[in-house]
Amino acid sequence: MRVLLLDAAPGELLNRELECLLGYGAAVTLNLRRVTDRTSARAAWTDRVDFADFNSFDESALIAETTRDGLGYHAVKSRAGVPLRAAFLAAATDLALANRLRVIGRAGAGTDHVDLAAATHHGVTVTHTPGSNATAVAEFALAQLLALTRNLSEHNEAAHHGRWSGPTAPAVELSELTLGVLGLGRIGQALAERATALGMTVQGLSRRGAGAAVRRAESLGALLAGTDVISLHLPLTPQTRGMIGQAELALMRPGSILLNTSRGGIVDEQALADALRDPAHPLAAAAVDTFAHEHAAFTSPLFGLSNALLTPHVAGMTRRAMAEAALRCADHIAALLAGRPDGVPVVTP
């Protein structure tokens, strides 16, 4: 089975991922573009895998590699959410290819980067690793909240410039705050459990219902108006795109905080920026780890706002989470190509 790794796991995890795939008998092509030490990777694996070096976010380059020499690939694996759209899927499943695409694997949760309707049309199965980063993202959301409530960025900057600046007002403790969790999947539940252990009152809204320690909100409006902190943990779908906009932000409590570690398109970034610029707005601060435009296209109206804590989609990037995602994804790809789909999470339109 021919497998193309669009972006392999980083550091020493690369070796574990390659060994796992090779153990299944895969013929692997490793895209070196996002490998930190390309020289060492070539030296270590030159006799066991093939190499490519292209920008996988450039669709024309992606198609060129996928169809190179008419060989094709049975599976492609992505970690960073490389867009896999209709044109790519049509090219990768062309009848002229010796090996047509059958499986797309995502090492991580969420498949909004894949055109699922086109994948289904071309007979391509899409899998991912839900829950592999639940602990990592839950911990990160708490880190965002602590950084904002304790003004860590401001104190750090002042100290580095030799200024001894105490807080203008006492900070709140987490146990004084009510957390609203929008989306109670694996990550949302993990956050709710940890927030409860720290003494926070937790409300939640989800199609799945709320856990024992979470009070269920009756509506999105009630969740926004009834909590001090909102943390988003939803997939990006046509139903959730733009879910948090100007009207929703206006419902929040005075002094409230928004945390987004899910997907950028769920929040209207311009509306969020406008709210954070307005001193009379109830929203006091936001921490954003996911954006509508990321990687080489990274841009946002949130740039430069002192009450916006911005990070480059790193919430799930812990050693344990990335290893689990990479190895589970390899297992899923191998199982699907071998015709053993039982137990493998498959995403459909």
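Predicted model: local features only at pLDDT ≥ 70, side-chain atom pairs only at ≥ 80, totals over all residues.
You'll find R106 in strand β5, which covers residues 103-106.

What is the nearest side chain of opposite charge to R106? That is D112, 5.2 Å away. A salt bridge needs a side-chain nitrogen of Lys or Arg within 4 Å of a carboxyl oxygen of Asp or Glu, and R106, although buried, has no salt bridge.

Who else is around R106? Setting aside neighbours within four places in sequence, R106 is in contact with S78, R79, G81, H113, T127, H128, T129, R263 and C329.

Now to the charged pairs that do meet the salt-bridge criterion. How many salt bridges does the structure hold? The count is 11, and I'll walk you through three of them.

First up, D7 and R34. Their closest N and O atoms are 3.6 Å apart. This pair links distant parts of the chain, 27 residues apart: D7 sits in the loop between β1 (2-5) and α1 (13-23), while R34 sits in the loop between β2 (27-31) and α2 (38-45).

Next, R33 and D53, with closest N and O atoms 2.7 Å apart. Here too distant parts of the chain are linked: R33 is in the loop between β2 and α2, and D53, 20 residues apart from it, is in the loop between β3 (50-52) and α3 (59-66). R33 is partly exposed at 37% relative accessible area, and D53 counts as partly exposed at 35%.

My last pair is E324 and R328, whose closest N and O atoms are 3.1 Å apart. Why are these two separated by about one helical turn? Because they are four residues apart in helix α12, residues 319-337. E324 counts as partly exposed at 32% relative accessibility, and R328 does as well, at 25%.

One more thing before I hand over: salt bridges that share partners join R33, R38 and D53 into one network. Thanks, everyone!

Technical notes: Residues numbered from 1 in each chain as written. Heavy atoms only, no water. Buried < 20%, exposed > 50% of the residue type's maximum accessible area, 1.4 Å probe, protein only. Lys, Arg positive; Asp, Glu negative; His and termini not counted. Contact = heavy atoms within 4.5 Å.
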